[in-house]
Amino acid sequence: MNYPNQKRVETFSIEINGQSCRAISGETVVDVARREGIEIPTLCHDTRLEPAGACRVCLVEVEGQRRLQPGCAWKVQPDMKVTTESTRIEKHRTILYSMYMSDHQLDESGLPVETGNGNQLRELCKTIDPLPLEPVNAPRAGRPEDVNPYIEFNPELCILCARCTRYCDEVEAVNAITLSNRGGETTIATAGNRGLLDTTCELCGGCIATCPTGALIEKKAPTNLVTLETEVTRSTCNFCGVGCQLDLHVHNDRVVKVTSPEPGETVNDGNLCVKGRFAYDFIHHEDRITTPLIRGADGELRPASWEEALEATANGLMAVKARHGADSLGFISSSRCTGEENYLMQKLSRAVFGTNNIHQCAAT
Amino acid sequence: MFGAGAMTNSIEEIRDSELMFVIGSNTTEAHPIIAMEMKRARQRGAKLIVADPRKIWLADMADLHLQLKPGTDVWLLSAMANVIIAEGLHDREFIEANTDGFDAMAEKVADYTPEKAEEVTGVPADDIRIAARLYATTKHAGIYYTLGITEHTHGTDNVYCLANLVLMTGHLGVRSAGMNPLRGQNNVQGANDAGATPIFYPGYQSVTDSKVREKFENAWGVPLSPDNGLNLNVMMKEMAVGNLKAVYVMGEDIVISEPNVTKVEEGLNRCEFVVCQEIFHNETTRFADVILPGACFAEKDGVFTNSDRRVQRVRKSVNPPGEAREDWKILCDVARSAGYPMPEYEDAGEVFSEYASLTPKIAGISHERLEESISGLQWPCPDETHPGTPTLHIDGPMIGRAPFQAVDYRPSAELPDNDYPLVLSTGRTLYHYNSATQTRRDAGPVAKQRNNFIEMHRSDARKLELKHGENVRVMSRRGEVEAEVWVSPRMRPGCIWMPMHFSESRANLLTNDAGDQVTGTGEYKVCAVRVEKMSNSKTVG
């Protein structure tokens with residue numbers, strides 16, 4: 001689509017690891033590298049957020065710069081030369097990851113602990129031979145008293161990259177959580193350390209989705225999610241009209257978790273709201289109607305077979321049509337059901353019973 | 001309006017807006033993810049004008065909040081048109097090339113001066129001027145609206161007024177601009193597209209057009225009715241007086257969601273036969289003669305069409321519980337039981353193929369194509385090689401020349417008086433969804449909003465000697481409910497607001513079922529009510 005009013009952009013080439021790459025003004029080194037399939041590790045980077053350059057994992061060599069520079073924040077310039085793998089960078093990563101590990105909960109194998117929400121730091125640490133550093137004394141406060149039903153924060157796994165607080169500020173824009181305190185006591189906190197239900201938090205769970213280390217996890221997902229065998233199905237949210245894409249995580253014929261596809265892929269750009277991400281308990285709720293029901297002469301509903309119920313439905317409608325004509329019937333379809341089902345409902349109304357009295361709640 | 005009933009532009013374009021005019025849409029609560037795009041645009045420097053009787057969340061971050069009285073939108077929008085024309089800010093070239101009826105409309109809005117509008121709407125005349133100037137002089141300026149515009153007896157007039165603004169400023173066929181109704185439900189757009197409407201076959205093909213009818217008669221192998229059917233609002237009224245004798249309700253709780261539900265209940269009681277196809281028992285299933293257990297979205301295949309005309313796949317990930325079945329299979333079975341030879345569709349994809357083959361707007365879409373497309377396909381998509389259409393009307397209005405509409409203000413059907421001195425508007429919240437059979441079964445929404453409430457300005461609360469959190473009785477000419485009072489700085493004095501989600505305290509016992517003349521949409525946003533302290537009125541009801 002050619003829009004006459006599209007903003008003018010300048011393209012030029014840069015060099016990454018000796019390879020010539022096309023770049024667009026305003027992009028960062030990480031943007032270009034990712035497009036070219038060149039791997040630069042990141043932790044604090046999220047395409048939806050302004051670059052923070054906080055975690056220092058993405059440091060690269062830029063020709064003419066004395067120090068290593070953060071690839072996630074460094075803007076490309078024409079003819080710039082970048083190196084992403086070198087002895088110097090390797091040494092930097094070894095020290096950096098070792099420092100993170102000295103301030104992180106480790107498992108028996110000596111690697112950062114993995115929760116149901118994954119831990120990217122763990123994967124990075126597997127690539128180095130860690131230095132023997134003393135564990136850091138960093139008494140970060142959590143919020144063990146927080147009774148909100150969805151979001152849990154484990155400060156032992158937090159690397160203070162501030163993706164969650166920046167997401168809460170820049171994307172969701174409610175500023176419910178913030179970096180708080182100084183030095184070793186720095187933590188992710190709410191105002192007055194209140195539970196999230198008593199803050200501006202809208203329980204969207206975007207903080208969980210953006211957390212790279214699993215310090216934020218879903219309370220309602222199974223704790224062993226990381227080892228649980230799940231099948232993931234891409235679908236469309238059934239609440240409002242935005243059409244957010246969802247990944248339904250299924251174990252044992254039950255939905256156990258809902259996540260968004262990666263940012264940049266779909267209409268919701270990695271985001272979900274409280275309903276889309278968390279309100280799925282209804283699917284497997286014990287109140288679901290599980291059998292056809294027919295009202296008997298006594299006025300009570302009784303379970304029936306499908307054959308009986310279908311016959312009762314067809315006969316009931318045909319009898320009213322025979323007595324009072326087709327236009328004495330009304331068909332109320334559903335804006336919650338699929339397009340195919342709405343097509344079939346109006347076909348049922350028009351072709352089978354002969355009336356155009358077919359509508360749904362959507363006269364907007 | 002300009003040839004297609006849908007958002008003219010795409011959701012992803014919002015982030016590149018220069019100005020957003022949001023009217024009658026509490027976007028952060030009703031469409032949270034679209035609101036995120038609006039917030040993003042705002043942080044990138046876009047201007048934001050919010051017109052809403054409540055100081056909604058978006059109003060806090062807006063450059064301008066036009067806090068109009070409920071139901072006075074025609075005045076506000078006509079006055080904006082008045083300013084644009086009086087100050088010569090309209091796009092003469094666009095109007096000349098693409099529209100009809102400018103002069104008649106201009107003559108009409110000449111009477112709607114900002115000063116007079118201030119008297120009716122309560123919005124300062126200068127704010128109206130600023131809004132009009134900003135909107136008219138910004139190129140990438142989009143209008144976003146939803147039920148605050150349409151749920152009035154003059155909802156169609158409100159929409160006409162918005163369309164007038166779009167046309168006179170040429171904000172059509174331009175990226176990050178246009179006229180964008182945000183659809184309430186996951187598949188409102190798709191339900192309308194698929195012909196679940198009394199006047200159109202699938203794809204907005206008129207049931208009274210004999211050529212179209214012939215096409216569907218041939219496809220379906222039966223003669224079809226040449227008469228327009230009844231819209232939902234009229235169906236409910238005909239049911240109440242005993243003319244509509246049987247209803248088949250699929251996936252909708254009309255006893256919660258329709259206005260003036262007392263009448264709906266009367267109607268259901270009079271019905272000779274009621275079928276409900278549902279996933280949960282709800283208020284409507286109490287009246288059912290037969291209940292057919294359907295499947296929720298996670299249990300079936302198909303498509304939903306979102307607000308920006310994007311057809312996306314729904315995929316089965318778990319099995320329906322017990323004997324519950326996919327709804328599309330149930331509908332086919334009912335048709336067969338009634339003696340109609342419904343084809344033996346292998347899967348939902350085959351149903352879609354039949355639907356698409358009769359519907360030019362989506363003829364190029366199929367389940368197979370959607371498998372390959374991560375972000376769906378936006379109609380119009382007339383053939384298999386067509387990439388879909390993110391922005392409509394790029395080459396001028398689809399209907400050719402778009403008509404301006406000269407609109408007269410009509411007050412809402414029921415205005416406050418001595419007996420019922422407050423204006424009630426109803427709506428939705430972030431945490432619950434419609435009749436809330438789904439969201440009230442999840443801990444978060446319940447923790448946030450357990451019971452029904454009204455929002456009320458502190459001056460009204462003081463007059464009635466009400467404290468935040470106490471229970472009150474809210475009464476209209478049609479019914480009464482109990483709710484908590486939330487004293488809220490969001491409200492205008494004289495106006496209260498109530499969500500529609502709570503089955504034990506149904507807002508729609510109060511609302512007025514007077515409907516829009518064209519669409520039949522009920523007047524959910526304005527009715528007259530009285531609020532009473534519980535202790536004073538224990539004997540009532």
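Among contacts in chain B between residues at least 6 apart in sequence, what percentage join residues at least 24 apart? The share is 71%, where two residues are in contact if their C-beta atoms, placed from the backbone, lie within 7 Å. The structure is a predicted model, in which local features need pLDDT of at least 70 and side-chain atom pairs count only at pLDDT 80 or more, while totals for chains, interfaces and linings use all residues. Residues are numbered from 1 along each chain as its sequence is written, and chains are lettered from A, with ligands numbered from 1, in the order in which they are written.

**Chain B as a whole**

- Chain B holds 20 helices and 23 strands, which are DSSP runs numbered from the N terminus (helices are H or I with at least four residues, strands are E with at least two).
- The radius of gyration of chain B is 24 Å, close to the 24 Å that the globule rule gives for 541 residues, so chain B is as compact as a globular protein of that length; this radius is taken over C-alpha atoms, and the rule is 2.2 Å times the number of residues to the power 0.38.
- Taken along the principal axes, the box filled by the C-alpha atoms of chain B is roughly 65 × 65 × 40 Å.
- Of the 541 residues in chain B, 60% are buried, a word used if 20 or more other C-beta atoms lie within 10 Å of a residue's own, whereas 12 or fewer make it exposed and a count in between makes it partly exposed, with C-beta atoms placed from the backbone.
- Chain B is divided into domain 1 (11–182), domain 2 (188–228 + 294–378), domain 3 (230–277) and domain 4 (422–537), with bounds that come from an automatic or database domain assignment.
- Between domain 2 and domain 4 of chain B, the C-alpha centres lie 36 Å apart.

**Chain A as a whole**

- Chain A has eight helices and 16 strands, and 49% of its 364 residues count as buried.
- The radius of gyration of chain A is 28 Å, whereas a compact globule of 364 residues would have one near 21 Å.
- The C-alpha trace of chain A spans about 90 × 55 × 35 Å along its principal axes.
- The domains of chain A are domain 1 (11–125), domain 2 (151–284), domain 3 (290–324) and domain 4 (326–364), and the centres of domain 2 and domain 4, taken over C-alpha atoms, are separated by 38 Å.
- For chain A, 57% of the contacts between residues at least 6 apart in sequence join residues at least 24 apart.

**Where the chains meet**

- In this pairing of chains, 103 residues of chain A are in contact with 128 residues of chain B.
- On the side of chain A that touches chain B, helix H8 (residues 339–352) of chain A gives the most, with 13 residues.
- That side of chain A divides into 52 nonpolar, 33 polar and 18 charged residues, where Ala, Val, Leu, Ile, Met, Phe, Trp, Tyr, Cys and Pro count as nonpolar, Asp, Glu, Lys and Arg as charged, and the others, Gly among them, as polar.
- Strand S13 (residues 293–295) of chain A and strand S11 (residues 290–293) of chain B run antiparallel and are joined by two bridges, and two strands pair if DSSP finds at least two bridges between them.
- Within this pairing, A:Leu293 stands opposite B:Ile291 in S11(B).

**The nonpolar core**

- The largest nonpolar core has 265 residues, of which B:Leu76, B:Met80, B:Leu162 and B:Ile496 touch the most other members; such a core is a set of buried Ala, Val, Leu, Ile, Met, Phe, Trp, Tyr and Cys residues joined through C-beta atoms within 7 Å.
- Helix H4 (residues 73–86) of chain B gives the most to this core, with 10 residues.

**Strand S16 of chain B**

- Six of the six residues of strand S16 (residues 422–427) of chain B are buried, so this strand is largely enclosed by the rest of the structure.
- B:Leu422, B:Leu424 and B:Thr426 point one way from S16(B), while B:Val423, B:Ser425 and B:Gly427 point the other way.
- S16(B) is joined by three bridges to strand S23 (residues 527–533) of chain B, and the two run antiparallel; here B:Val423 has B:Ala528 as its bridge partner.
- With strand S20 (residues 495–499) of chain B, S16(B) pairs in the parallel sense over five bridges, and B:Trp497 is the bridge partner of B:Ser425.
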